[in-house]
Amino acid sequence: MYRDEERETISHIAYLAVLTLLGLLLIIISYISGWNTAFIPITFIMIVSCWAFHIINLGTESQRLYFYTICTGILLFYYGAHPKALTDIPIVICLVVIALSAKNDMKLAYMAVIPYPLLIIYHIFTGYIGPGSEQIVISRLFLGIVAVAASLILAKSIFVNRINSESEYKQLQKELDDAMNNTENFLANVSHELRTPINAINGITEIMLSSKLPENLIKDAESIHYAGKRIYNQISNILDFSEITTGSIRVVPHEYEITSVVNDAYENVIWGDYGKNLDIAIDIESDIPVVLFGDDAKIKKIISELLDNAIKFTSVGGVYLYISKRDEKYGINLNIDVKDTGKGMNRREIEAIYKGYYKKDTESNRTTNGMGIGLSIVHALASAMDGFMSISSREGEGTHVHISIPQAVRNKQPAIYLPDSSRYNIGCYFNTDKYAKKEVAAYYGAVIEHIREGLGIKIATASSFIEFKEIIKYNKLSHVFISEWEYEMDRRYFEELSKSVRLLMFSATGDAVDNADILVVKKPVFVLNAINILDDAYTGVKKEKEPFADYSRLRVLVVDDDSMNIMVAKGILSMYGISAESATNGRMAVDRCAAEDFDIIFMDHMMPGMDGVETMKKIRMLRNGFYNDIPIIALTANAGSGARSMFFEQGFNDFVAKPVESSAMTRVLRKFSGGVGSV
């Protein structure tokens with residue numbers, strides 16, 4: 001649309017330029033030839049008027065073109081009214097007619113021809129054309145008539161062909177749009193069908209992992225669960241890419257906490273053994289506002305994709321995520337930076353990302369999984385939120401992706417806060433010689449520096465054992481941070497040190513050590529973990545899953561047409577002590593609600609016959625509005641943008657995306673249980 005307007009403006013300027021040149025030539029010719037000089041100011045006024053109409057956009061584009069053409073006709077008539085100039089007029093008219101054939105109004109071309117027959121009639125009355133006229137005048141007159149007629153025929157042909165071509169183009173465009181819409185619908189339906197078995201895989205394995213499995217089966221269950229999550233992410237990428245290519249992506253802003261988004265994003269990616277051989281640092285600027293307003297689902301997707309891409313293409317070294325901000329009048333620019341020491345990219349590959357597709361590995365040297373559209377999706381999501389993405393990379397030297405997205409601020413309090421930070425005096429010992437890539441030391445150094453600057457904590461760092469002993473000797477430390485490598489170099493020393501100072505060890509496995517005084521935290525190094533430890537919020541030697549609250553007093557109904565989905569949902573609910581009832585279609589759900597009381601209803605959105613929306617509305621009408629205040633939660637495989645607002649508009653109280661995760665179930669139960677649950 002913008003390019004069409006630009007082309008139209010250029011064509012108007014070109015028309016005015018020709019009209020101006022013609023007018024100036026007539027003024028010069030009139031002056032040299034001694035013609036009536038009274039027409040000179042008229043010509044000047046017409047030219048100025050045409051430009052003024054264009055500049056101030058007076059009238060419609062079509063009306064302005066008619067005015068330009070009338071002015072051109074007047075100028076041509078004035079020029080052709082002089083006998084010796086009559087034979088020049090057909091040449092100019094032919095050019096004008098051909099030019100006007102490019103417009104969508106053939107009447108303009110006919111208007112441009114009118115001065116010529118009027119001139120012929122005028123010269124017949126004046127006697128210049130008649131029985132006594134020279135033969136050369138008659139022959140030129142005849143040739144002019146033929147030329148003007150031919151130009152009209154040619155213009156008509158061009159006009160008709162263009163109209164037909166535009167009609168065919170519009171028809172093809174409509175067919176293409178229909179095909180793209182059909183593709184999007186197909187992908188959405190396929191994803192729904194695929195998510196049903198994935199829901200079963202993830203749900204059942206999560207139930208298994210929450211129970212006491214034999215040691216030899218835990219690893220297998222974790223691998224299955226991880227594979228299911230990877231498949232789920234690939235399906236989500238297909239849906240996102242479909243939305244981007246069809247232009248149906250929607251931004252749905254609401255309040256969120258950036259620390260929570262970052263935590264969910266990295267846990268979604270760094271799961272099981274994925275990336276365990278890498279040094280990964282997750283860093284957040286401390287004074288980012290605690291509550292922002294934006295589309296947190298898309299921001300979570302961006303962070304997840306950036307981390308996943310960095311880990312996927314990095315075999316040696318590490319990955320660094322840094323979340324920061326820049327203050328603006330409208331709030332902040334949320335900055336997301338991800339650096340890695342991976343394969344890197346060349347300029348051609350970076351350009352391919354901006355065009356919408358990228359795959360680092362070819363079929364012959366393929367070493368990674370995935371479809372290669374992650375960074376293209378990130379670019380499109382950032383653009384949809386009025387942000388931008390930039391990439392700095394060289395082959396073999398890693399990649400740095402920078403994202404900046406404008407966000408409004410709802411609560412200006414800092415996201416990371418540590419009361420009485422002056423009481424902390426920390427010693428950090430990370431031997432930099434052990435890193436295969438020197439950038440890793442810079443990543444961890446940046447985390448330490450941001451904690452020091454942002455929170456005002458005293459931190460002394462050492463890169464060798466000798467330096468560390470000097471720090472211990474001359475400083476009274478409250479905490480010491482080391483990694484597993486340093487601990488293994490001199491266990492006895494650090495075990496003795498842990499008796500006088502609180503010692504934290506970052507470990508790739510997260511396995512506890514025999515000495516209970518040493519706190520062990522599984523990598524990646526996440527700044528929130530470090531802050532929680534300092535604030536005594538982190539108390540365990542090994543981070544365990546949060547215990548499931550007891551919601552056994554709640555009466556819950558699960559409605560889904562797929563028996564496997566019901567089994568998974570009931571299995572997850574059983575972890576909270578809930579013995580859920582079920583219904584396999586909308587009619588059965590309505591009948592059960594008419595006869596029984598339920599505290600929460602989980603409703604499948606897509607069911608044959610009576611779908612989830614219709615079923616929900618019928619339940620709301622039961623028993624004099626008894627269910628108007630009962631939360632009905634949508635269970636949905638639709639995780640496309642705009643899903644949240646769509647479900648709220650339809651009357652659902654909330655929604656849980658399939659595959660159902662226990663974290664999502666915990667959130668919903670806490671929100672709608674009315675304080676029934678207890679740990």
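Helix 1 (2-33), helix 3 (61-80), helix 4 (89-100) and helix 7 (135-210) each contribute at least two residues to the lining of the second largest pocket. The model is predicted.

**Second largest pocket**
- The volume of the second largest pocket is about 780 Å³.
- Its lining consists of 30 residues, and Ser11, Tyr15, Ala99, Leu100 and Lys103 are the ones nearest the centre.
- Helix 1 gives the most to this lining, with 13 residues.
- Sorted by class, the lining has 18 nonpolar, 8 charged and 4 polar residues.

**Nonpolar cores**
- The largest nonpolar core has 76 residues, of which Ile258, Ile299, Ile302, Ile303, Ile323 and Ile403 touch the most other members.
- Helix 13 (residues 438-455) supplies the largest share of this core, 8 residues.
- A second, separate core has 39 residues, among them Met46, Ile93, Met106 and Tyr116.
- Apart from neighbours within four places in sequence, Ile258 contacts Ile288, Pro289, Val290, Leu292, Ile299, Ile323 and Leu334.

**Asn431**
- Asn431 sits in the loop between strand 8 (425-429) and helix 13.
- Asn431 counts as buried because its relative accessibility is 10%, and buried means under 20%.
- From the side chain of Asn431 to the backbone nitrogen of Asp433 the distance is 2.9 Å.
- Not counting residues up to four places away in sequence, Asn431 touches Ser463, Ser464, Trp485 and Glu486.

Technical notes: Residues are numbered from 1 along each chain as its sequence is written. This is a predicted model: local features need pLDDT of at least 70, side-chain atom pairs count only at pLDDT 80 or more; totals for chains, interfaces and linings use all residues. Side-chain values use heavy atoms; hydrogens and water are left out. On a 1 Å grid over the protein atoms alone, a cavity is a set of points where a 1.4 Å probe fits but cannot get out, and a pocket is an open set with protein on both sides within 12 Å along at least five of seven lines; lining residues have an atom within 4 Å of a point. Grid points are joined across faces, edges and corners, and a volume is the space filled by probe spheres set on the points. Helices (H or I, at least four residues) and strands (E, at least two) are DSSP runs, numbered from the N terminus. Ala, Val, Leu, Ile, Met, Phe, Trp, Tyr, Cys and Pro count as nonpolar, Asp, Glu, Lys and Arg as charged, and the others, Gly among them, as polar. A nonpolar core is a set of buried Ala, Val, Leu, Ile, Met, Phe, Trp, Tyr and Cys residues joined through side-chain atoms within 4.5 Å. Buried means under 20% relative accessible area, exposed over 50%, partly exposed in between (1.4 Å probe, protein chains only). Contact means heavy atoms within 4.5 Å. A polar contact is a pair of N or O atoms within 3.5 Å; within protein, one must be able to donate a hydrogen and the other to accept it, and residues adjacent in sequence count only if both atoms are side-chain atoms.
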